[in-house]
Amino acid sequence: MQKINSALNKLANGNQFKKRYDELKKEILEDQQIHEFLHENSSIITSEMVDKSLGKLYEFSTQSKKCDKCPSLDGCLNMMQGYTPKLVIQGNVIDLYYEECPRKVMADNKRKREKLIRSLYVPHDILHANIEDFLQTGSPDDRNEAFAKALSFIQKYESGQKPKALFIYGKFGVGKTYLLGAIANQLAEKQISSLIVYFPDFLRELKGSIGDNTVNEKIEMVKKAPVLMLDDIGAESMTSWGRDEVLGTILQFRMLESLPTFFTSNFDFKELQNHLTFTQRGEREEVKAARIMERIKYLAEPIELSGENRRR
Ligand code: ADP
Ligand code: MG
């Protein structure tokens with residue numbers, strides 16, 4: 001034992017070690033951020049403190065700072081993934097603490113926002129829809145108007161008013177669903193949660209679950225969403241049950257409770273009314289269709305989106 005210790009001591013005190021130590025110290029002190037930190041705190045930091053803290057300074061120099069060496073959050077190179085080191089003075093040593101790196105902060109915020117947007121049967125990419133991108137495509141006139149109306153809705157809703165939502169109609173592929181996603185994202189930034197439902201699939205699923213008692217539960221969930229967005233209304237094959245028991249029930253509740261309800265449709269009001277008048281069986285039920293239309297008009301203001309079909 002004695003022998004090993006003395007051998008180590010010899011090595012530690014030996015020229016080789018000293019040389020390696022000095023080289024390393026020089027490298028560490030040449031690190032630009034360390035250099036700046038020492039410079040900024042030169043009135044406090046002594047060379048003794050530097051020697052004592054060399055281990056921490058070395059650790060600092062090996063870590064990626066503010067994501068500068070990392071390809072992505074998953075590819076974070078640091079000891080603690082998603083954390084970036086900072087130098088601080090603690091008494092008479094220099095120490096490190098780790099704080100969340102910018103990419104982690106961004107990813108956490110995004111996750112929080114996405115939690116606020118729930119969707120049923122809507123393509124996932126819609127959840128990334130962005131209001132600025134929406135403005136940059138298609139015809140500026142109706143985009144600006146839709147944008148202004150969407151913003152005005154958000155502002156009023158946020159301030160506790162009960163604004164009308166939008167009935168966004170227009171041809172296939174012009175970006176109606178995309179606009180819903182963009183509005184949902186804007187709302188999420190204000191911590192307001194919304195539910196986007198692709199209506200034809202919702203009806204299909206309800207029909208499929210008639211036997212298993214979950215129909216009411218599913219209708220309840222949609223009925224009570226703080227902000228509901230019914231996507232592609234009119235594209236479903238409508239039955240009188242879907243119209244009166246499902247759509248009618250949902251809209252009646254939302255109207256009474258003043259819960260904002262957005263719609264998108266390929267049809268304008270008149271065409272939608274016609275669609276709702278003739279159910280699959282070919283019966284003509286004008287009064288019932290008119291009742292649904294009344295609720296839709298009460299809940300939402302129509303706005304047409306034009307432009308080209310962006311779907312390939
Ligand atoms: P609609 O609902 O009117 O049929 P969508 O909203 O589904 O049309 O848009 C069609 C396609 O174009 C989708 O893939 C959508 O993600 C994309 N898209 C629409 N508007 C934009 C936009 N402003 N920026 C980027 N992609 C868009
Ligand atoms: Mg759509």
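This is a predicted model: local features need pLDDT of at least 70, side-chain atom pairs count only at pLDDT 80 or more; totals for chains, interfaces and linings use all residues.
View 1. Residues are numbered from 1 along each chain as its sequence is written, chains are lettered from A and ligands numbered from 1 in the order in which they are written, and side-chain values use heavy atoms, with hydrogens and water left out. A pocket is an open set of points on a 1 Å grid over the protein atoms alone, where a 1.4 Å probe fits, with protein on both sides within 12 Å along at least five of seven lines. Its volume is the space filled by probe spheres set on the points, which are joined across faces, edges and corners.

**View 2. The lining of the largest pocket has 21 residues.** A lining residue has an atom within 4 Å of a grid point. Nearest the centre lie Ile126, Gly175, Thr177, Tyr178 and Arg311. Helix 7 and helix 9 each give two or more residues to this lining. Helix 9 gives the largest share, 3 residues. Helices here are DSSP runs (H or I, at least four residues), and strands are runs of E (at least two), numbered from the N terminus. The lining divides into 8 nonpolar, 5 polar and 8 charged residues. Asp, Glu, Lys and Arg count as charged; Ala, Val, Leu, Ile, Met, Phe, Trp, Tyr, Cys and Pro count as nonpolar; the others, Gly among them, count as polar.

**View 3. Ligand 1 sits in the largest pocket.** To sit there, more than half of its atoms must lie within 2 Å of the pocket's grid points. Helix 7 (131-135) and helix 9 (176-189) each give two or more residues to the shell around ligand 1. Of the 14 residues around the ligand (a heavy atom within 4 Å), Gly173, Lys176, Thr177, Tyr178 and Arg311 come nearest. The shell holds 4 nonpolar, 4 polar and 6 charged residues.

**View 4. Backbone atoms meet oxygen atoms of ligand 1.** A polar backbone atom of Gly173 is 2.7 Å from a ligand oxygen. For Lys176, the distance is 2.8 Å. For a backbone N or O atom of Val174, it is 3.2 Å.

**View 5. The second largest pocket holds about 250 Å³ of space.** Its lining includes Gln33, Phe37, Lys65 and Glu99. Helix 3 (32-40) and strand 1 (83-90) each give two or more residues. The lining divides into 4 nonpolar, 2 polar and 6 charged residues.

How values were computed: A polar contact is a pair of N or O atoms within 3.5 Å; within protein, one must be able to donate a hydrogen and the other to accept it, and residues adjacent in sequence count only if both atoms are side-chain atoms.
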